[in-house]
Amino acid sequence: MMLGNKQVVLKNYVEGYPKESDFELRKSMISSDIPQGSKGLFVKNLYLGCDPYMRHRMSHHISEDVPLLASFNPGSVIIGLGVAKVIKSADADFEEGDYIWGMTAWEDYTLILNTNGLFNIKYTDVPLSYYAGILGMPGLAAYIGFNNLCSAKEGDVVYVSSAAGGVGQLVGQFAKMKGCYVVGSASTDEKVHLLKSQLGFDDAFNYKQGNDLAGALKRHFPNGIDIYFENVGGNMLDEVLLHMNLRGRIAVSGMISQYNLKKPDGIHNLFCLISKRLRMEGFSEFDFRHKVPEYLEFAIQLIREKKLLFVEDIAEGLENAASAFVGIYHGRNVGKQIIQVSTD
């Protein structure tokens, strides 16, 4: 059967900040047939995640040695994490009608020939969109980054940058569960209010206000920072190093301020790693896929009990996908940016 299929295509490699004109909405046809002998799936896409790391794949200079960061080809459909419904299956692990999450394409329908890394959705009493956020890659990143790297203990002072994003908002809540004092930063006053009024942060500030990051960190951390969960990079990281306490821990999850720069900002205060005996470690949640069942069991009960909250910003339709993606680099989203392709 041939089906109409809208697709979001990368027109050219992106230079600087992505623009809507870097993308094209293409109308095509797709066959629902699965090639004989393959273990593929034909799926209908429901939700797609706008994940900042995807910007790396839109530049030409990324090494092919890391497949998940390999460059997209101009003219190709955008690939990313999302939620889909199985229409046809040649894989015994998936049945027609199953809901799944994992790597898919920015289009109405996708033929997935490599099902490694796809997960069946076990719990459907929560919004399916959660599997592009709190119960998907962003949730796992927050869980692994904070619990495996930060060695948090009660009373620790925790700073989360980009705290209203898909990862940051969860890190703050996980830290509060450990009895930490948590401060987040965000790019607008609306997001600051969200962190303090809904997500349980002890304090928060707008890092763009007043153009005085050093002063803001001094005011909010008069006794220094024990744990920094890094989502921004650049000048933010450079300044935070000066405010870290002895034997502080830094988990590096992302560096959204650097993704659109031709020449990334240099870090000048790395001697603090030595003088303060700091531990700074980067990580990728893709290395921890075996932890997905553990994380789901941890998170689902907290969600059901309303002890773990998640804020989404949902754009409807593939025609709004480019605008939604571009917006995350200008702080337009409030919460995790998700594209709704279809309701079912």
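This is a predicted model: local features need pLDDT of at least 70, side-chain atom pairs count only at pLDDT 80 or more; totals for chains, interfaces and linings use all residues.

Me: How many bridges do β8 and β9 share, and in which sense do they pair?

Reply: Strands are DSSP runs of E with at least two residues, helices are runs of H or I with at least four, and both are numbered from the N terminus. Two strands pair if DSSP finds at least two bridges between them. Here β8 (residues 157-160) and β9 (residues 181-186) are joined by four bridges, in the parallel sense.

Me: In what order do the strands of the open sheet come?

Reply: The order is β10-β9-β8-β11-β12-β13, six strands with parallel pairing. At the edges are β10 (203-206) and β13 (279-282), each pairing on one side only.

Me: Which strands does helix α2 lie across?

Reply: Contact means heavy atoms within 4.5 Å. Angles run from 0 to 180 degrees between N-to-C directions, with axes fitted to C-alpha atoms, for helices over the stretch in contact. Helix α2 (residues 168-177) lies across β8, β9 and β11 (225-230), at about 170° to β8. Helix α4 (residues 213-220) also packs on the sheet, where it touches β8, β9 and β10.

Me: How many residues of helix α5 are buried?

Reply: Buried means under 20% relative accessible area, exposed over 50%, and partly exposed in between, using a 1.4 Å probe and protein chains only. In α5 (residues 235-243), seven of the nine residues are buried, including Met236, Leu237 and His243.

Me: Which residue forms a salt bridge with lysine 336?

Reply: Side chains of opposite charge can pair when their charged atoms come close. A salt bridge here is a side-chain nitrogen of Lys or Arg within 4 Å of a carboxyl oxygen of Asp or Glu. Lysine 336 meets aspartate 51 at 2.4 Å, N to O. Lysine 336 is in strand β15 (residues 336-340) and aspartate 51 in the loop between β3 (41-49) and β4 (79-89), so the pair ties together parts 285 residues apart in sequence. Both lysine 336 and aspartate 51 are buried.

Terms used: Residues are numbered from 1 along each chain as its sequence is written. Side-chain values use heavy atoms; hydrogens and water are left out.
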